[in-house]
Amino acid sequence: MVVEDMIYLIHVKEMANYVSLSLSKEVELLFVDLEQDPPKMRTLEDNNLLGMQLISIQKLFSLYFPLEGMRNDLLPPDRTELREDTKSLSEPTNSQSSLLIDLSSCIHDTKVTVPTINGWLLGYPVVYLFSTDHIEHAIYNLSTKFLRIYKILVHRNSNPDKGSRPEELMSFSVPYDMSMRGSKEPWAETFLAQMQSKWGRCKQTWSSLEMEVSECYPQAIAL
């Protein structure tokens, strides 16, 4: 799946479930409004323009990724390359199955930026929010703040004699002043519990999963 200059390798059924949960508000999502200085924490219930536009984008994604399986008739024909055998994508696929779909059009005519979409698609519990009109301001604003870096680390199952080094599965940042309790923030605890639930289905590959929190001094940031 492609959105502007981002390429995602996705599991179609899991994507459909995630989009559905996002729209039903079962997935808790918080936003750091970088247009405010200092930044302000928001939710989709705040009814701001960007939040409403993000909901509209999520609804478009739900059309392409319905729970009953992807509808090929909705795929943009000029931006899609399908494998010859387009059976139901709700069924397990093997390594020979492939689908390329460009959903960049979903964010056209909105002020929502790719970093916001990226944070949502990657499942971050806290996502940076700023419009296409305030990109430079958002970068400057975040670059002048102390940050906390949240990392999800996993250990691969391996030979006990060789041991296993932790590998970074994902990471995201939150302004220090908005995450004073570190890993004890309610949203951080909820997020870790969700990740551990998913890890439970992958114990044949990963032996453990944990969250690591560190601090970062103000520095140049790329969004």
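## A guided tour of the predicted model

The protein chain has five helices and ten strands. Both are DSSP runs numbered from the N terminus: helices are H or I with at least four residues, strands are E with at least two. This is a predicted model, in which local features need pLDDT of at least 70, side-chain atom pairs count only at pLDDT 80 or more, and totals for chains, interfaces and linings use all residues. Residues are numbered from 1 along each chain as its sequence is written, and side-chain values use heavy atoms, with hydrogens and water left out.

**Whole chain**

Start with everything selected. Of the 223 residues, 42% count as buried. Buried means under 20% relative accessible area, exposed over 50%, and partly exposed in between, with a 1.4 Å probe and protein chains only. The chain exposes about 12,800 Å², and carbon and sulfur atoms supply 51% of that area. Accessible areas come from the Shrake-Rupley method with a 1.4 Å probe; for residues, only the protein chains shown count as cover. Now turn to contacts (heavy atoms within 4.5 Å). Among those between residues at least 6 apart in sequence, 65% join residues at least 24 apart.

**Largest pocket**

The largest pocket holds about 1,100 Å³ of space. Select Glu14, Leu121, Leu122, Met195 and Lys198: of the 29 residues that line this pocket, these are the closest to its centre. A pocket here is an open set of points on a 1 Å grid over the protein atoms alone, where a 1.4 Å probe fits, with protein on both sides within 12 Å along at least five of seven lines; lining residues have an atom within 4 Å of a point. Grid points are joined across faces, edges and corners, and the volume is the space filled by probe spheres set on the points.

Next, colour the elements that contribute. Helix H1 (12-23), strand S9 (166-175), helix H5 (186-199) and strand S10 (206-216) each supply at least two lining residues. By type, the lining divides into 20 nonpolar, four polar and five charged residues. Ala, Val, Leu, Ile, Met, Phe, Trp, Tyr, Cys and Pro count as nonpolar, Asp, Glu, Lys and Arg as charged, and the others, Gly among them, as polar.

**Helix H3**

Move to H3 (114-121). Seven of its eight residues are buried, so H3 is largely enclosed by the rest of the structure. Select the buried ones: Val114, Thr116, Ile117, Asn118, Gly119, Trp120 and Leu121. They pack against strand S1 (2-3), strand S2 (6-7), H1, strand S3 (30-33), helix H2 (49-64) and S7. Step just past H3 to Gly123, which takes a positive phi of about 80 degrees.

Back up to the loop between strand S6 (99-101) and H3, where Thr110 is found. Thr110 counts as buried because its relative accessibility is 17%. Its side chain reaches the backbone oxygen of Ile107 at 2.7 Å. Leaving aside neighbours within four places in sequence, Thr110 is in contact with Gln53 and Ile57.

Asp109 lies in this loop between S6 and H3 too. Asp109 counts as exposed, at 81% relative accessibility. Its phi is near 65 degrees, a positive value in a residue other than glycine.

**The end of H1**

Select Leu23, in helix H1. Leu23 counts as partly exposed, at 26% relative accessibility. Show Gln58 as well: the two C-alpha atoms are separated by 6.9 Å, though the residues are 35 apart along the chain. Beyond its neighbours within four places in sequence, Leu23 is in contact with Ile55, Gln58, Lys59 and Ser62.

Then pick Lys25, in the loop between H1 and S3. Lys25 has a phi near 65 degrees, a positive value in a residue other than glycine. Lys25 counts as partly exposed, at 42% relative accessibility.

Last, go to helix H4 (135-143), where Ala138, Asn141, Leu142 and Ser143 are buried. Their cover includes strand S7 (126-129), strand S8 (147-156) and S9. Zoom in on Asn141, which is buried with a relative accessible area of 0%. Setting aside neighbours within four places in sequence, Asn141 is in contact with Leu34, Gln36, Asp37 and Pro39.

Follow Asp37 to Pro38: the peptide bond between them is cis, with omega near 5 degrees. Pro38 sits in the loop between S3 and strand S4 (40-42).

Methods
Polar contact = N/O pair within 3.5 Å; in protein donor to acceptor, adjacent residues only side chain to side chain.
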